Amino acid sequence: MTIVAATKYVSLADMAVLVEAGVEVVGENRAQDLERKHAEYGDAFRWHFIGHLQSNKAKVVNRMCELVHSLDSESAARKLAVPALVEVNLSGEQSKSGVLPEDLGRFLEVASDVRGLMTMPPATADPEASRPYFRRLRELAAEHGLSELSMGTSQDFRIAAEEGATLVRVGSVLYAQ
C-alpha cells in the first residue's frame, strides 16, 4: 500500500518538512497549488493529483503528476496523458464528484490508461461506516479488471487498508500537533 500525503493545507514552506521526513508521494488538490509546490520541490516527491480535475487543468497535471486519482469527465479523459483512477460516486451524494457505478463500464470505454478506482464515502464520525463503500469499490474494480484502489483518508485509513486499498490519502493524521 502507498501512503499519499495530502498537501492541500500544507504551505509551501512546510513542504520542506515532508522532504526531511522522507515522504515519497504527495497528493495535491488544486492545480495552481500543484504548480507552485512542484516549482519548488519537483524532484523531491512523486506527485499525484487528488482533487477534482477540470479539463482545462489537465495540461498542468500532465506535466507534473504520475497519477490522477479523480478522473470523472470525458472531457478531462480526452486531455489527460497520465494514468488515472476513475472517481466513483458510490454514495450518490449530489455534493460529490464521480461517475455513478451504473455508468462506470461506459466511462471506461472512453477513458484511456485507467489503472483503478477511487471513492470518497460520506463523512462520518464512525470509520466503520465507510467499510461498505470501500468493499463495493473493490468489487467494482474486480468486475472491470482494475488493480489500483484509492480509498481512505485520515479518518478511515485502517478500514480502507482492511478492504484492499492500494493507495491511501492522509493529511490531518500526518500533520496533527
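This is a predicted model: local features need pLDDT of at least 70, side-chain atom pairs count only at pLDDT 80 or more; totals for chains, interfaces and linings use all residues.
1. Let's start with the strands. β2 (25–28) and β3 (46–49) run parallel and are joined by four bridges.

2. Now carry on to β4 (67–71). β3 and β4 also run parallel, with two bridges joining them. Here Phe49 has Val68 as its bridge partner in β4. Together, β3, α3 and β4 form a right-handed β-α-β unit.

3. Next, have a look at helix α2, residues 31–41. Which of its residues are buried? They are Ala31, Asp33, Leu34, Lys37 and Tyr41. These residues sit on the same side of α2, because they span an arc of only 145 degrees around the axis. Turn to the other side and you'll find Ala39 and Glu40, which are exposed. As for what covers the buried residues, that includes α1 (15–21), β2, β3 and α3.

4. Finally, zoom in on Cys65, in the loop between α3 (58–64) and β4. Is Cys65 buried or exposed? Its relative accessible area is 7%, which is under the 20% cut-off, so Cys65 counts as buried. Skipping its neighbours within four places in sequence, Cys65 is in contact with Leu34, Trp47, His48, Phe49 and Val82. Take Val82: it is 17 residues from Cys65 in sequence, and the two are 7.3 Å apart in space, C-alpha to C-alpha.

Conventions:
Residues are numbered from 1 along each chain as its sequence is written. Side-chain values use heavy atoms; hydrogens and water are left out. Buried means under 20% relative accessible area, exposed over 50%, partly exposed in between (1.4 Å probe, protein chains only). Contact means heavy atoms within 4.5 Å. The arc is that of the directions from the helix axis to the C-beta atoms. Two strands pair if DSSP finds at least two bridges between them. A crossover is right-handed if, with the strands pointing away from the viewer, the path from the first strand over the helix to the second runs clockwise.
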